[in-house]
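Please keep the sequence and the structure at hand while reading.

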Amino acid sequence: MHELQREWHPASWRTRKVLQQVNYNDPLHLEAVLAELARYPPLVTFREIESLRLQLAEAATGQRFLLQGGDCAERFEDCRDDIIKNRLKILLQMSVVLIYGMQSPVVRVGRFAGQFAKPRSAPQETRGDVSLPSYRGDIINALEYSPEARTADPQRLIRAYQCAAIQLNFVRALSDGGFANLRNVDYWNLNFAEYSPFFSEYQMIIEKVRDALHFAETVSGGPISGLSRVDFYTSHEALHLPYEEALTRCPPHGRGMYNLSTHFPWIGKRTLCADSAHVEYMRGIRNPVGVKVGPGLTPSDLVSLTRHLNPNNELGRITLITRYGANLVEKQLPVMIDAVQRAGLQVLWCCDPMHGNTERAESGIKTRRFDNILEELELAFDIHAQSASVLGGVHFELTGEDVTECIGGASGIDEADLGKAYHTSVDPRLNAEQSLEMALRIVRKHQQMVLT
Ligand code: PEP
Ligand code: CO
């Protein structure tokens, strides 16, 4: 442990074991690209990061709820008007459902503007007798199955930065420009499933919120300020450390270093171990950080990692994002909560019900079942309540598009439908309809718990 407490700097991770390391054929090209990135302006500001940290601290104690969602792997080709807008729209719709149903403010965090690097369990992908490097996210190589496409290309780091900047620009413009205005029919109307059983539930919520707003405006004699804009924060897995390092900056006040490529980086399951380069990098930045917690991590490892990442035990700094799967959560989550409580650690607990519930359909493609996702989530709510702990947030892989990647939900997507619109490059996402239904089901669960 003493060794681990050595002085930190943005490049100190380079002295540690780099899991999921990317090997570039031309290191000089990589260096040139990193130097260019280091000259670019940051993508987010430290003030935004600090305000997110305060909101996460509130979520940790149940005064707010975290909604984190977006693609498993963002694609450069998805840097498009409609895709960005639809993703924002579904996150906004879900957040209004949660605000109304849980009577709690929501902090909205996208898995976007940087979610370009993917950890892979196998370094090679074999098709027939050809073996090529696995696809590792658009920031590293391309999805197409050819030796050229699968070669890691440093120029992709610049493209990733640019796509993130384009998205952020659009998200900020929408968030400021009446995007969340409840009278803006474009954003509140559902463009799917008028027949669906939860359609009227959603319409009812939107109508009630509009009525309440109208009432408040009538009483106050004018528009209520602050209601037409919303905050969206960004998050991604801080996997490609050279990219993260190039965007790690010291703000003008000179207190500490921030990763200014995103508000909220997280450490994935595959790079989480005491001596990993990823843990070393994360320990020194001042952003709030997420830690994916799943099978294989022991309670004592979790406690020592959390202490190592948050030696001053600051509330809002650490979010533990648990991803056990519906079949393991009852056995493993209570033990982790107990260990964290005994150690007196202040954390925000968030449930990712996606990554522990991945399975292969008969056709061989990866899918997830709506029912398993919901079950893990409901169990997580129960387990936290039984442990006198707070489940302060949820983490989904979702899209605003009408894809068929996960099975189930009211629209009844079944295995045979999976091929119809299966577009994800890595993990299956909830489509817009399934996502909204999930938000409504969270509210139902919350209301049941309040009543009992
Ligand atoms: C992810 O969030 O896309 C991911 C790879 O998750 P995990 O690290 O929890 O497996
Ligand atoms: Co994923």
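Is E77 buried or exposed? The model is a predicted one, and in it E77 has a relative accessible area of 53%, so this residue is exposed, the cut-off for that class being over 50%. The side chain of E77 meets that of R75 in a salt bridge, with an N to O distance of 3.9 Å.

By the same rule, the count of salt bridges comes to 28. One of them links R172 and E48, whose side chains meet at 2.5 Å, N to O. With a relative accessibility of 31%, R172 is classed as partly exposed.

Helix α2 also holds R53. The side chain of R53 forms a salt bridge with that of E314, at 3.0 Å from N to O. E314 sits in the loop between α9 (299–309) and β10 (318–322), so the contact with helix α2 ties together parts that are 261 residues apart in sequence. The two partners fall into separate accessibility classes: E314 is partly exposed at 32% relative accessible area, whereas R53 is buried at 7%.

Some salt bridges share partners. R111, K366, R368, E397 and D427 are joined in this way into one network.

One member of that network, E397, is also in contact with R429. Where does R429 lie? It is found in the loop between β14 (391–397) and α12 (432–451). Although placed in a loop, R429 is buried, with a relative accessible area of 7%. Its side chain makes a polar contact of 2.7 Å with the side chain of D71, and another polar contact, also of 2.7 Å, joins it to the side chain of E405. Setting aside neighbours within four places in sequence, the residues in contact with R429 include C72, L398, T399, V403 and C406, as well as H423, T424 and Q434. R429 is therefore a buried loop residue with polar side-chain contacts to D71 and E405.

Note on methods
Residues numbered from 1 in each chain as written. Chains lettered and ligands numbered in written order. Predicted model: local features only at pLDDT ≥ 70, side-chain atom pairs only at ≥ 80, totals over all residues. Heavy atoms only, no water. Salt bridge = Lys/Arg side-chain N within 4 Å of Asp/Glu carboxyl O. Buried < 20%, exposed > 50% of the residue type's maximum accessible area, 1.4 Å probe, protein only. Helix = DSSP H or I, 4+ residues; strand = E, 2+ residues; numbered from the N terminus. Polar contact = N/O pair within 3.5 Å; in protein donor to acceptor, adjacent residues only side chain to side chain. Contact = heavy atoms within 4.5 Å.
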